[in-house]
Structure formats: structure tokens, C-alpha cells
Amino acid sequence: MRYAHIVGWGKSVPEKVVTNDDLAKTIETSDKWIRDMTGIGQRHVANDRETTAALSTNAAIEALDMASVTAAQLDLIIVATITPDFMFPSTAALVQDALGADNAGAYDLSAACAGFLYGLAQAADSIRAGTISTALVIGAERLSSIVDWKDRNTCVLFGDGAGAVVLKASPQPGGVLSTLLRADGSGGPALYLRQKDNEVLHMNGREVFRFATRVIDRSAREVMRRAGWTAEEVDVFVPHQANLRIIEAASKSLAIPMDKFFVNIESYGNTSAASIPIALCEAAACGRLKPNDRVVMVGFGGGLTWAAAAVQWQVTAKPQTRGQRVLSRVGYGAAAVRSRARRIFRRIEDGLMNGNGKPTSRK
Ligand code: ACO
């Protein structure tokens with residue numbers, strides 16, 4: 001039997017923090033309304049250099065370092081995002097290049113706030129099937145670039161950031177034990193972004209709220225059943241951080257006390273695909289996740305999509321030594337040099353093929 005274990009995790013958030021009070025200076029809102037209605041206190045907002053690919057790469061490096069896995073060992077990179085820097089190339093391909101992960105396939109997937117768990121499920125299934133051995137799954141968003149900062153109904157909710165996990169094959173029972181992926185495209189109009197210049201996110205908050213409270217309960221119960229766990233046996237629930245009231249409603253309907261739910265929405269807002277991996281990182285960092293803990297994660301969002309996973313948190317991460325960290329940085333530096341050399345080589349080759357020494361203009 002092969003199992004797919006989470007062996008490393010990392011996160012990256014933009015430096016700039018925008019508090020509720022900051023927002024109240026530009027739109028008609030208040031810290032009290034936002035906290036009471038959502039649980040959000042602040043969010044991180046990216047600058048031009050903090051692209052989706054850059055945030056993803058930083059989170060990935062932290063996760064790889066922790067797992068003591070080199071980029072060359074990766075077989076697959078999945079980036080879940082609804083805010084890629086380009087339609088193509090994929091964010092995953094940009095991350096592959098930045099890491100120098102020369103043996104990995106790479107693709108993005110779009111399942112909004114359920115995206116990270118869709119990626120986790122696909123990577124874990126490929127590992128368990130024996131197709132691959134090591135995968136990097138990232139959830140990353142730059143939602144600040146698609147919200148209307150004058151619309152108080154939406155702009156107060158979202159934030160930017162990225163979280164990543166490294167998954168590895170192991171004969172030791174545990175890891176990702178069960179997953180569930182679902183979609184209901186008839187609910188698409190509840191939350192969408194049209195593919196047009198300057199378009200912003202549209203949301204029917206009430207409809208999304210009702211949908212979320214329904215599916216968290218059902219999908220959490222289903223992955224627990226598939227893993228052979230009862231709700232009482234679960235140590236930590238890591239839900240998508242969209243609204244504290246949604247999490248409280250889930251706690252009530254599942255009859256699980258709130259102290260079993262990991263909540264960090266106060267600091268980050270809703271970071272869509274990044275919210276669950278960022279929460280996982282923080283839960284692990286503060287000691288809420290310990291070896292052998294049973295973890296249930298549930299994500300839901302635009303599509304409509306939703307997903308859940310039951311994971312036995314088996315591995316204690318070993319902190320890297322200074323020497324290992326320096327070595328890994330040298331490796332990523334070399335990857336950047338290699339990437340640049342390949343680009344130059346392609347230009348020269350292109351010029352030679354056309355006999356004029358200049359690159360071809362492609363229309
Ligand atoms: N500050 C002050 N007042 C506000 C604000 C604000 N930021 N936003 C809305 N209001 C007002 C409204 O104008 C309205 O006023 P009115 O009664 O005078 O018309 C009142 O507050 C109530 O607004 P509603 O939208 O009806 O409030 P609701 O109880 O639905 O809460 C909220 C809104 C917080 C957005 C909630 O619906 C929600 O969290 N929905 C879920 C959103 C979500 O989880 N999205 C996740 C998916 S994201 C993804 O996939 C990318």
C-alpha cells in the first residue's frame with residue numbers, strides 16, 4: 001500500500017496590511033460591522049512585485065525546505081488559483097521555472113476557494129496510484145486585483161497570500177485518507193468574474209452564505225465516514241476562512257465545539273484557494289497540529305465548487321540547519337541563472353533560424 005503524506009508546509013503573504021479602519025477611511029463601513037458580520041480584522045494586500053507566482057514560489061520554498069525535498073525531486077506542481085498572473089503560461093509553470101523543478105509536470109486549476117483541496121486530492125490520488133512519488137500543491141491568490149475597492153459589499157472580505165504543501169509517497173499508513181470533490185454550476189451566477197478587461201468580482205453574499213453552511217456539514221461528514229472516523233475523533237477542523245459566522249454555523253450543525261476549529265480569518269480575510277493551506281501552516285506552527293492528529297478540511301466557493309479531505313497528520317517537520325538552508329538558496333539561485341541562460345539560448349537559436357540574428361516577431 002502507498003499513502004500520500006503531507007511532509008512540508010509553507011506560506012507567504014504580502015507585507016502590506018490593510019486594517020478595517022483603513023478601509024473605513026475610503027468607503028462607508030466600520031471595524032465593528034466588518035468584525036461582527038465576518039470576523040475579519042485585517043487583510044494583506046500585494047504590491048506589483050508580489051505576484052501570484054512570487055507568493056506561490058516563496059510558500060513553495062518554505063514547504064520544500066521544511067520537507068528536505070529538493071526541487072528536482074518533484075514530479076508534479078499544482079497551483080490552485082483564480083487570480084493567475086497570466087491566462088497562460090500557468091502560474092505552476094512559472095513556479096516550476098523559479099524552483100528549477102526540471103522533472104515536474106505543472107498546471108493550474110480553477111476551483112475558487114475549493115481549489116487547494118481539489119489539488120490536494122489530485123496529487124494524493126496520483127501518489128497512491130503509483131504514478132508519481134512527490135508533489136507540490138499550492139493555493140495562491142491576489143484577490144486585491146479583482147475586487148472593486150469602492151464596493152463595500154465585497155472589498156472588505158478578501159485578502160492576498162499563498163500556502164503550499166509537499167506531499168510524498170510512504171508505506172506508513174496515514175496522510176490523505178479520503179477526499180471529496182463536488183460542483184454545482186447552476187450556482188455560477190452567485191459568484192463570478194467575467195473574462196474581460198477591468199472586470200471585477202461579483203457576489204451574491206447571502207446565496208453563498210446559505211450554500212456554504214449547507215455543504216460544509218455534508219462534505220465533512222462524508223470524508224469522515226470514508227476515513228472511518230466519527231466527528232468526536234477528529235482533532236482539528238480547518239475550514240475555508242470565508243466568514244466566522246459560516247464556521248460557527250458549521251460547528252453547530254456538526255455538533256463539534258468551536259475550539260476544535262482552527263480560525264485565522266481575523267488576520268487574513270478570505271484568501272480563497274490560499275486560505276486552507278495558510279491556516280494549516282499556522283495551525284502547525286502554533287502546535288495545534290501534532291503527529292497522529294486527525295484533521296478535516298473543507299473548502300467552498302465560486303463554481304459553485306466544494307471539497308473536503310480527511311488527513312492523518314503523521315509527520316513532524318525537522319527544522320533545516322543553516323547549512324541546508326544556504327545550499328537550497330544556492331540551488332534556487334542556480335535555477336534562476338539556468339532559466340535566464342535558456343531564454344538567451346532560445347533568442348540566439350531563433351535569430352539563427354531566421355538568418356538575421358533577431359528574434360522572430362510572432363503575431
Ligand atoms: N460595511 C457596512 N455595511 C455593509 C457592508 C460593509 N462593508 N457591506 C454591506 N453592508 C450593508 C448592506 O448594504 C446592507 O445594508 P441595507 O440593509 O441598508 O441594505 C446590510 O449591510 C446587510 O447586507 P447583506 O449583504 O444583506 O448582509 P449579510 O448578512 O448577507 O452579510 C456578507 C454580508 C458578510 C458578505 C455575507 O453574506 C457573507 O459572508 N457571505 C458569504 C461570502 C463568502 O463566503 N464568499 C466565499 C466565497 S469567495 C470565492 O469563492 C472567491
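Throughout these legends, a residue is called buried when its relative accessible area is under 20%, exposed when that area is over 50%, and partly exposed in between, using a 1.4 Å probe and counting protein chains only. The views show a predicted model, in which local features need pLDDT of at least 70 and side-chain atom pairs count only at pLDDT 80 or more, while totals for chains, interfaces and linings use all residues. Residues are numbered from 1 along each chain as its sequence is written, and side-chain values use heavy atoms, with hydrogens and water left out.

View 1. Helices (H or I, at least four residues) and strands (E, at least two) are DSSP runs, numbered from the N terminus. Ser68 lies in the loop between H3 and S4, and at 37% relative accessibility Ser68 counts as partly exposed. Its phi is positive, about 50°, although Ser68 is not a glycine. This deserves a second look because most residues other than glycine have a negative phi.

**View 2. Helix H3 is mostly covered.** Of the 16 residues of H3, 12 are buried, among them Leu55, Ile61 and Leu64. The cover over these buried residues includes strands S1 (3-12), S4 (76-80), S6 (134-142) and S7 (160-170), together with helices H4 (91-99) and H10.

**View 3. Thr81 is buried in the loop between S4 and H4**. The relative accessible area of Thr81 is 4%. A polar atom of the Thr81 side chain lies 3.0 Å from the backbone nitrogen of Thr83, and a polar atom of that side chain lies 2.7 Å from the backbone oxygen of Ala140. Apart from neighbours within four places in sequence, the residues in contact with Thr81 (contact means heavy atoms within 4.5 Å) include Thr52, Asp108, Glu141 and Ala273. The loop between S4 and H4 is also the place of Pro89, which is joined to Phe88 by a cis peptide bond with omega of about 0°.

View 4. Glu266 is found in helix H8 (residues 265-268) and is partly exposed, with a relative accessible area of 36%. Leaving aside neighbours within four places in sequence, Glu266 is in contact with Arg35, Gly39, Ile40, Gly41 and Gln42. Its side chain also makes a polar contact of 2.7 Å with the side chain of Arg35; such a contact is a pair of N or O atoms within 3.5 Å, where, within protein, one must be able to donate a hydrogen and the other to accept it, and residues adjacent in sequence count only if both atoms are side-chain atoms.

**View 5. Ser272 is buried and has a positive phi**. Ser272 is found in the loop between H8 and helix H9 (275-285), where its relative accessible area is 2%. Its phi is about 50°, although Ser272 is not a glycine.

**View 6. A cis peptide bond runs from Gly303 to Leu304**. Its omega is near -10°, and Leu304 is found in the loop between strand S12 (293-301) and strand S13 (305-313).
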